[in-house]
Amino acid sequence: MEDTTPATDEPKYRIRALHTDRTVTVYQAYRPGIGLPAAREGRFPAAWKRDRMTWIKPSFLWMMYRSGWGTKEGQETVLAVEITREGFEWALRNACLSHYKRGFHPDQASWKRELGQAPARVQWDPERDPQLRELPHRSLQLGLAGEASRRYADEWTVSVRDVTPLAHRIHDLVRAGDVPAARRLLPHEEPYPEPAGLLDHLRGREPEEAGRPAR
């Protein structure tokens, strides 16, 4: 069965996520030795290195792309991590872009200084459809290091769920050609209600773009 879902006129840079009025869900994939205890206890175990950068992804399908539907080595356990919106927004406010963009940053040296000091960084990668094909709009990837990584694991995390069976079920439907059925099982990700100005320093639009209204 072919996927006949019409394309949408989605803004290039926007956070889409499963969220409530207090929390937002992000995805990660780990080896079972980390992922299974985290899901069982509802928090990251002591073996989870809090001094390393960790990347969180609000897009389920981008996580599927990154982890090969939970089949890549070291990414066999896919986690849905519900964190506080307060923590998520703190990370975004204190983040910088992971790459230098001419015309947006004053110069490369100032960007490097910012990158070295920021506890979080953002990159925007092409969003994916259920067949993991690139879409025109972007998906947020949020890297957490230092203070942000520690706060993510020990303060912001509300719940941790193992969604590996869901990932495998959706993948089976996609491989069987029933993409509409696969879509019905996807987490319901909607535009995140970002406070005014939250992403102005992270969208990476050049000055002439910034003056245009968002699509």
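Student: At the start of α4, which backbone nitrogen does a side-chain oxygen of D107 reach?

Tutor: This is a predicted model, so local features need pLDDT of at least 70 and side-chain atom pairs pLDDT 80 or more, while totals for chains, interfaces and linings use all residues. Residues are numbered from 1 along each chain as its sequence is written, and side-chain values use heavy atoms, leaving out hydrogens and water. Helices are DSSP runs of H or I with at least four residues, strands are runs of E with at least two, and both are numbered from the N terminus. The side-chain oxygen of D107 comes to within 3.2 Å of the backbone nitrogen of A109.

Student: Why do the buried residues S110, W111 and L115 of α4 lie on the same side?

Tutor: Buried means under 20% relative accessible area and exposed over 50%, with partly exposed in between (1.4 Å probe, protein chains only). In α4, which spans residues 108-117, S110, W111 and L115 are buried. They lie on the same side because the directions from the helix axis to their C-beta atoms cover an arc of only 140°.

Student: Which exposed residues does the opposite face of α4 carry, turned away from its buried side?

Tutor: The buried residues of α4 pack against β5 (95-97) and β6 (120-128), where contact means heavy atoms within 4.5 Å. The face turned away from that buried side carries the exposed residues K112, R113, G116 and Q117.

Student: In β4, which residue is the bridge partner of Y27?

Tutor: Two strands pair if DSSP finds at least two bridges between them. Eight bridges join β2 to β4 (residues 77-84), and these strands run antiparallel. The partner of Y27 is A80.

Conventions:
Polar contact = N/O pair within 3.5 Å; in protein donor to acceptor, adjacent residues only side chain to side chain.
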